Amino acid sequence: MGKKIKKETESPPKDVFDPLTIESKKAATVVLMLNSPEEEILAKACEAIYRFALKGEENKATLLELGAVEPLTKLLTHEDKTVRRNATMIFGILSSNKEVVIHEFASLCLANMSVEYTSKVQIFEHGGLEPLIRLLSSPDPDMKKNSIECIYNLVQDFQCRATFPELNAIPSILELLKSEYPVIQLLALKTLGIITNDKESRAMLRDNQGIDHLIKILETKELNDLHIEVLSVVANCLEDMDTVVLIQQTGGLKKLLTFAENSTIPDIQKNAAKAITVAAYNPENRKLFHEQEVEKCLVALLSSESDGTKIAASQAISAMCENSGSKDFFNHQGIPQLIQLLKSDNEEVREAAALALANLTTCNPANANAAAEADGIDPLISILSSKRDGAIANAATVLTNMAMQEALRVNIQNHDVMRALISPLRSTNTGVQSKAVLTIAATACDAEARTELRNAGGLEPLIELLHSKDDEVRRNASWAVMVCASDELTATELCKFGALDILEEVNLSVSRKNKFSEAAYNKLLNNHLPLKYSQTGYLSSSNIISDGFYDYGRINPGTKLLPLKDLCLQEPSDLRAVLLVNSKSSDVSPLPSTEDKSSDVGCGRSISSSSSLRRTSKEKTRKYSYHFSAGFGSPTEEKSEPSSGRNTALSKSATKEKGSRKVRGKKEEEKVKEEEEVTTVSKNIGEGSPDKEWYPPADPDFCVYEYEVTKSILPITNIKEQIEALAEYVAEKMGGTIPKEKLQDFSWELHISELKFQLKSNVVPIGQIKKGIFYHRALLFKALADKVGIGCSLVRGEYGRAWNEVKLMNESLKGVTGGLPPPEVYIVDLMFQPGRLIKLRSREADLYRFL
C-alpha cells in the first residue's frame, strides 16, 4: 500500500473577501446591520433585534430611538421569506409598546407598502384610506408626512380616487400647504395634482378656497420650489369654466400669465404653458384667455432657451388656434418664431411647432401666406424625412393647407415636394400615410407635378395604400388617385400598376368603398373607355373615342377585360366580334385584295389581316379594296370613291376586262411572293417577336370615312343638319336603310363571320363592316362624331341594341334672351329612317331602343 498523501487545501481566489465573524453587544451596531445587502446577515440581525425587544419595554423604546423602524419597514417587502418573517415579528413586538406613538410606525409601514399595487388594493379593501385622512390632522409632522405619502400612492389608483370626495379630505390636504416642512407641502401638492383630475374634487377645491391658496403660493418667491407642482394643480382646475371665471374675477388669471412670462425658471414656464393648454380646450376658456391677451405670453415663451418650454408654448398655441381671434393675432406674431423652431435640432420641438402651424394654417389662407413668407416651405419639406411620425404628419398638413392657393402650390412644387413625399407614403403609420396622400392630392393638380410624381416613383406606393384597412387612408388615397388621373399619361400608368383593378375590388365591398373610391374608379374609366363601355354600357359626349378603342361587349363587374393585343392574337371563335376603331396605320400594312385575287384564292385561303402585314414604303401609297374569299360565295362589296384615290369596282365593260387581262399575268407572278410574305410576317407576329413593336390592326376604310366626313359634314354650320348628314352617311356605309319588317332578313351575322374567318381574328375593324345593325352603326356614328366635334353619347341596350343620344336646343327659342330651358335629348335613327331625330322617352324612341 502506498503512503497516504495529505491533500493541500485550495486557497480562496484573490477577489473574494475572507469570511469575518463579528460578535456585537450593542443594539446600535445590529440596527446598522439591517441595511446590509447580505440575506444571511439580515436574517440574523432581525432575529437578534427580536430577542432584544422581547426583554422589555425599555429595549423597544431604544430601538425606536435608534431609528430601527425605517429599515425594518423596507424589509417587509424583501425577497427572502425569512427576512420578511423576522421583520414582521419585530413590528408585532414593537406595537405592544403602549408608551410609543403606534400611528407613526403604522403609517410609515403603510407608506412603504403602498408603493406596490397589490398592497394598495389590500390597504383600500381593509378601509385604510379613511384613518389615513384622519391622521393628516395629527400634530406630529412625521405622521402627517407618512399619511400624505401613503394617500398620494393610493389615489393614483382610479378606484381609490373615485371614493376620495366622499371622505372630505380636501380641507385637510389644504392645511398641509401651510406646513413649515417643504416635503409635506410637496406631497400635498402632488396629491392635489392627482385628485383634481376628477371634476368633483376640482369643485371641492374651489369651494374650499383652494385656488386662493395656490395663487398665494405662486406669489411667494420663497416657495418657488413648489411653483411647478402648484401650476400642475392649476392646470387641472382650469378645465372647469367656473374656476376660470373665478380666477379671472379675482385677478388671478392676469397674475398667472404675468408670472409665467416673467419667471426665469424653465420648468415653471413650461407648466404655466401646459396649464393654458389644458384650459384652452374649452371654448369659453379660449375666449377669456383671448381677452386677457394670452397670445403675447405664449409668443414670449417661444423665445425661451428651454426646449420643454418651447414645446409647451407651441402646444398652447395649437389649442388657442380654435379661437378665430387668436388665429388672426398669430398671423402677425408667432408664425415667424414657429418657422424658426422647425429648424431646431430637437425633434420634439419641431413636431410641436409643426402642429401649431398645422392648426394655424387650417382654413386660414392668410396664415398659410404668412408661413410661406417666413420661408417655411424648405424646413417643412425637410421635416418630411423626420424620424417622428407626428412631425411628418403635421408638416404634410401645413403643406396641404398652403397648396390650396395656386401661387403657393407652384412654389411648393418647385421645392421637389413629390420626391420628398415618397418616404411618408411608405410609412407604416396610418396617420402619416393619410396626411401624405392628402398633400399629393393638393399638389398634383398640375400636369408638371403629376409628371414629377411619376418620375419619382410615387404612383406605386400611392396605389398600395388603396389596399389599406384604414378607412381614412383608403379614402384619401382614392382622392389622390382621382386627382392624378386627370391626365392620360398618369392615368395609363395608374392602370398599369393595377389601380383600376384595386378600386374595382374596393367598390365591390360594401364596407370598404366610399364616394372617393367610386369617383377615382370612374375617373380612371374615362381614360380606359373600352373597359368603361364594357362595364357601364355608356359613353358620354365628353368620352372621346380615340384610335385603339374596342368594343368587347358587356362584361360583369369583377371580370377582367383582356388587352387588345391578347384579343388580336386569339383564334376566331363563336364569341361576339370585337369591334375596333383605329385610323392609324399598323406596323405591317395589309396586302392588296382585288377582284382577280379574290377569285383566284380557294376556300381554305383568306386574305391577310390588316393587323398582320405592312407593305414597303412604295406600296403604302396604294389604296386597296377589301373583299371576301370566293370560296364563301358571298357577294363582293364594291366601292366607288375616286375622290379618295381608292380603286373603283370592276365593271363588265370591255375596257375593264381588257385592263384586267393585262395585269393578270403580273398578279399571278406576285401571288407566290405575297403568300410567302404573309406566312413569314404572320409567323413573326404570332410568335411575339421581341424585335417588333406590336400595333393594333389598321383600318384604311375608316380612314377614308374620317376624311370624307371631315370634307363633307364639317363645313355644315347647323348642328342638326350635321347630325342628320352623318347619320345618313353611317347608314349608307353599313348596308343602307333597313325597313322594320325586313330587319330579320338582314344577314349581318354571316357577314361578320366571314370577316372573322377572313381576318383570322375575333377583332374586326369597324370600317370593314359593310352590313351592320344597331350596335355597329352606333359605334361608327360615335367614332366619326367625335372626329368632327359633334357631341353625342353612346348607349348600349339589350339584344344587340345600341343608340346615340344628342342634345339640341329648341329652335323656336332662337333669339330669346334670359333663362332658357335645358336642351332636349334626341335619339339618332341609323336604321329605319337614317337621319331622323327621335325625342327621348317617346314611344318611337322606345321602339327603337327595345325589342
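Me: What should I know about the model before we start?
Reply: This is a predicted model, where local features need pLDDT of at least 70, side-chain atom pairs count only at pLDDT 80 or more, and totals for chains, interfaces and linings use all residues. Residues are numbered from 1 along each chain as its sequence is written, and side-chain values use heavy atoms, with hydrogens and water left out.

Me: Why is glutamine 433 called buried?
Reply: Buried means under 20% relative accessible area, with a 1.4 Å probe and protein chains only. Glutamine 433 has 9% relative accessibility, so it counts as buried.

Me: Where is glutamine 433, and what is it in contact with?
Reply: Glutamine 433 lies in helix α31 (residues 430–443); helices are DSSP runs of H or I with at least four residues, strands are runs of E with at least two, and both are numbered from the N terminus. Contact means heavy atoms within 4.5 Å. Leaving aside neighbours within four places in sequence, the contacts of glutamine 433 include Pro424, Leu465 and Val473.

Me: At what angle do the axes of helix α16 and helix α19 cross?
Reply: The axes of α16 (residues 241–249) and α19 (residues 283–291) cross at roughly 15 degrees and come within 9 Å. Axes here are lines fitted to C-alpha atoms, for helices over the stretch in contact, and angles run from 0 to 180 degrees between N-to-C directions.

Me: What makes that pair parallel or antiparallel?
Reply: Angles under 35 degrees count as roughly parallel. The crossing is at roughly 15 degrees, which makes α16 roughly parallel to α19.

Me: Which residues meet there?
Reply: Met241, Val244, Val245 and Gln248 in α16 meet Glu284, Asn285 and Leu288 in α19.

Me: How do you know that β2 and β3 pair?
Reply: Two strands pair if DSSP finds at least two bridges between them. β2 and strand β3 (residues 578–581) have three bridges, in the antiparallel sense. Aspartate 551 stands opposite leucine 579 in β3.

Me: Why do β2 and β4 stand at the edges?
Reply: The open sheet has three strands in the order β2-β3-β4, with mixed pairing. β2 (549–551) and β4 (763–765) each have a single partner strand, so one side of each is left without a neighbour in the sheet.

Me: Which strands pair with β5, and over how many bridges?
Reply: Strand β1 (residues 538–539) is joined to β5 by two bridges, running antiparallel. β5 also pairs with strand β6 (residues 802–808) in the antiparallel sense, over four bridges.

Terms used
Buried means under 20% relative accessible area, exposed over 50%, partly exposed in between (1.4 Å probe, protein chains only). Angles under 35 degrees count as roughly parallel, over 145 as roughly antiparallel, 65 to 115 as roughly perpendicular and the rest as oblique.
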